[in-house]
Amino acid sequence: QPLVGHLDPVFLEILDGVQASLRGLFKTANPMTLPISGTGSAGMEACFANLVEEGDEVVVGVNGVFGTRMAEVAERLGARVTKVEAEWGRVIETEKVAEALAACRRPALLALVHAETSTGAWQPLEGLARLAHDAGALFMVDAVTSLGGCPVEVDGWGIDACYSGTQKCLSCPPGLSPVTFSPRAMEKVAGRSSKPRSWYLDLGLIGGYFGDQRVYHHTAPVSMIYALAEALALVEEEGLDHRFARHKRNHELLLEKVAGLGLVAAAEQGHRLWMLNSLCIPEGIDEADVRSRLLARHGIEIGPGLGPLAGKIWRVGLMGESSRAGNVERLVGALTEELAH
């Protein structure tokens, strides 16, 4: 598409459409739903920077890389962080979340990762908003790997702030972070006693550009918005229910096929992501060599384990357009050859 200015009426019409489509994807009516200029980590930082002030008590679920990152971002903003931890590959228990909130004097925020990309664990979210709200806290969710691949119900689950990334289940180039903030969250933003510590991610400023007045804040990444508009059109064309069913079907196909190679899922039974499949590596296998040969000889890239799971698991992405039965068959055939080698 030809580049136009970020205030061009044609571009603004596309931007309005992107915001409307994101509301449908997030299952929300939140007016403050927009694509942040930056990757998913920028979305994470935008949520914390706007909703956390110095000294706020924040409860964070930590069971992988991205829960760990959440806690660090909150701490850098001056929050007093309570971590609710679980073994990597397992989910955070609701009872432990309730205990952590109860132990706080005045909790401001509860933050959890819906789909932990580093482990393949799928965190249940239903009921957690009630715990947070009853304690006087907002509820924030990382949906970077889940949005567009499995149900994300922002309004139905009472989520106050949620962020994602474009390069996972939306199959869009990396560079934007879809975010949404509830009216309750925006009340917190409006009632802050101090300005957010990030000028670039200040919703009070960014909101002016995405509002009726179109007040200049920064130059929107026009080409990325074009890409996101097309990605969202493809999602709508397929339909969310069909899309979710496809991800589930190919996840199950992968586990069925790799079982014949002696590979089993690493994430907790009953809480395994469809789009990010973690597989235990058999004893005696040089996992880095297998990954290298998959890429060099077959053109297939899979991810290594991270943190305490380094050298113990492979992470197989079946996200968005890559979640296809043909890709599963191709990977299993290549793995069969390379494991034998």
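Leu 205 sits in helix H7, which spans residues 203-210; helices here are DSSP runs of H or I with at least four residues, strands are runs of E with at least two, and both are numbered from the N terminus. The model is a predicted one, in which local features need pLDDT of at least 70 and side-chain atom pairs count only at pLDDT 80 or more, while totals for chains, interfaces and linings use all residues. Residue numbers start from 1 along each chain as its sequence is written, and side-chain values use heavy atoms, with hydrogens and water left out.

Is Leu 205 buried, exposed or partly exposed? Leu 205 counts as partly exposed because its relative accessibility is 35%, and that class lies between buried (under 20% relative accessible area) and exposed (over 50%), with a 1.4 Å probe and protein chains only.

From the surface, let us turn to the spaces inside. On a 1 Å grid over the protein atoms alone, a cavity is a set of points where a 1.4 Å probe fits but cannot get out, while a pocket is an open set with protein on both sides within 12 Å along at least five of seven lines; lining residues have an atom within 4 Å of a point. Grid points are joined across faces, edges and corners, and a volume is the space filled by probe spheres set on the points.

H7 comes up again here. The largest cavity holds about 80 Å³ of space. Its lining has 14 residues, with Pro 35, Ile 36, Ser 37, Phe 210 and His 218 nearest the centre. Strand S1 (32-37) and H7 each give two or more residues to this lining, and S1 has the largest share, with 4 residues. By class, the lining of the largest cavity has 12 nonpolar, 2 polar and no charged residues; Ala, Val, Leu, Ile, Met, Phe, Trp, Tyr, Cys and Pro count as nonpolar, Asp, Glu, Lys and Arg as charged, and the others, Gly among them, as polar.

The second largest cavity has about 40 Å³ of space. Residues lining the second largest cavity include Gly 120, His 251 and Arg 272. Strand S10 gives the most to that lining, with 3 residues.

Now for the open spaces. The largest pocket has a volume of about 350 Å³. Of its 19 lining residues, Ile 300, Glu 301, Ile 302, Val 316 and Gly 317 lie nearest the centre. Helix H11 (325-340) and strand S12 (313-317) each give two or more residues to the lining, and the largest share, 4 residues, comes from H11. The lining of the largest pocket divides into 9 nonpolar, 6 polar and 4 charged residues.

The second largest pocket contains about 200 Å³ of space. Its 14 lining residues include Ser 41, Phe 66, Val 144, Gln 167 and Lys 168, which lie nearest the centre.
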